Amino acid sequence: MILTGLCTLLIISRVKTSTISMLTDDETTNATSLNLDTLDSNNVDIFRQLLNQETIIRMTLVKNVHALMKDMLTLQEKLTAAENRISKIHTSTDQEISKLKEEVKLLKMENVFLKNNTAQVRAEIDHLNENLTDLSNTLTDVKIEVRYLSITLFDINTNLRETAKILQHHNNSMENINSDIANNDRKQSAALLELGKQHVRFIDDIRNTTRTMKADIDQFQTDQWRLSASVSSLELFRNNQTKCDQNQEVAFTASVTSGSSTWNSGTLIFDMAITNTGNGYNPSTGVFTSPISGTYVFYVSAVEYSAQHLAIDIVVNSVSKVRAYGHNAASYQTGTNMVVLKLQKGDSVWVRHYSGKGYHTHPVPITTFSGYLIS
């Protein structure tokens, strides 16, 4: 803006020196005298226009001068502010220069220290170079080993893939084996459960057998006592035999001629009469019929067939009196019993099935039925 004002001022000055102001009557050597008398109305209009233009130019020039003065004042203020800033900058620059000088001194001292340490650093560099050479050699060896290791690793990977295939095959086999084992475990568990039940039943049977054996032992003791009494009666019978009428002698012993594994009901027929004094026993029906009234002794012995328990009764007129029992704890167990009965003439006595099945025999009879009159 200041330069624009200066340029305008110069232009106005130059125009002013080359023209003549019509209002001030100033003359110049370049001006041309005008004769007012010769002016016509057209020239008067032109003259007026020129006067108006000059007035406008002067007013514009005055405004520009005033603006230029204001710009000059503003420029002076800015120059003053700039000088103050420059002085401040000089002051700060001097301080910075002093600091930089101190830093330069420090750098020089550090440079001297570094120069002094250069020899040591070079020695260390030489040592590092030697180490680098050794490291390069070592690295070369390592690269060779890495190549060998790569080849080995490739072989290992190949073996691993083959091993993985084998392992997968083994895993499939193991799954099948585990499945079979699980099925076998279920079957074995069921079998063990059944065995457990059988064991419980077996224990119960043993306990029952024990109780039965105890009862049999008690019964055997009773039978022994009865047998002793029978022996005594036989002795008495023998002693009185000479006094008795031959028609009153009654005694029999019968046995089976063959065993059976299926007999399970009805009368046990002892089909072979070993002794049949008085003909009271019928080997065809297995029934003894009392020929006379009196006291009789009857004894039965039966062997069960191959661990099939057997229980039989001595009955009088279809009424059970005593029972013989052969348990199935082992094969071919013997059941025995004896009874003394008061019979009337015509009473019937036989051996009847109670439980179990089958009976065993031998060429020498072991399953027998006996009876005799004692009085």
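Reader: Which residues of S10 point one way and which the other way, and are they buried or exposed?

Author: In this predicted model, local features need pLDDT of at least 70, side-chain atom pairs count only at pLDDT 80 or more, and totals for chains, interfaces and linings use all residues. Residues are numbered from 1 along each chain as its sequence is written, and side-chain values use heavy atoms, without hydrogens and water. Thr368, Ser370 and Tyr372 point one way from S10, while Phe369, Gly371 and Leu373 point the other way. Each of these residues is buried (under 20% relative accessible area, with exposed over 50% and partly exposed in between, for a 1.4 Å probe and protein chains only).

Reader: Why is strand S10 largely enclosed by the rest of the structure?

Author: A strand here is a DSSP run of E of at least two residues, numbered from the N terminus. Strand S10 covers residues 368-373. It is largely enclosed because the buried residues number six of the six.

Reader: Which residue stands opposite Leu373 in S10?

Author: Two strands pair if DSSP finds at least two bridges between them. Strand S1 (residues 251-255) pairs with S10 in the antiparallel sense over five bridges, and Phe252 stands opposite Gly371. Strand S5 (residues 294-303) is joined to S10, also antiparallel, by six bridges. The residue opposite Leu373 is Tyr296.

Reader: Which are the edge strands of the open sheet of five strands?

Author: The order of this antiparallel sheet is S3-S4-S9-S6-S7. Seven bridges join S6 (residues 310-316) to S7, with Leu310 opposite Gly326. An edge strand pairs on one side only, as do S3 (281-282) and S7 (319-326).

Technical notes. Helix = DSSP H or I, 4+ residues; strand = E, 2+ residues; numbered from the N terminus.
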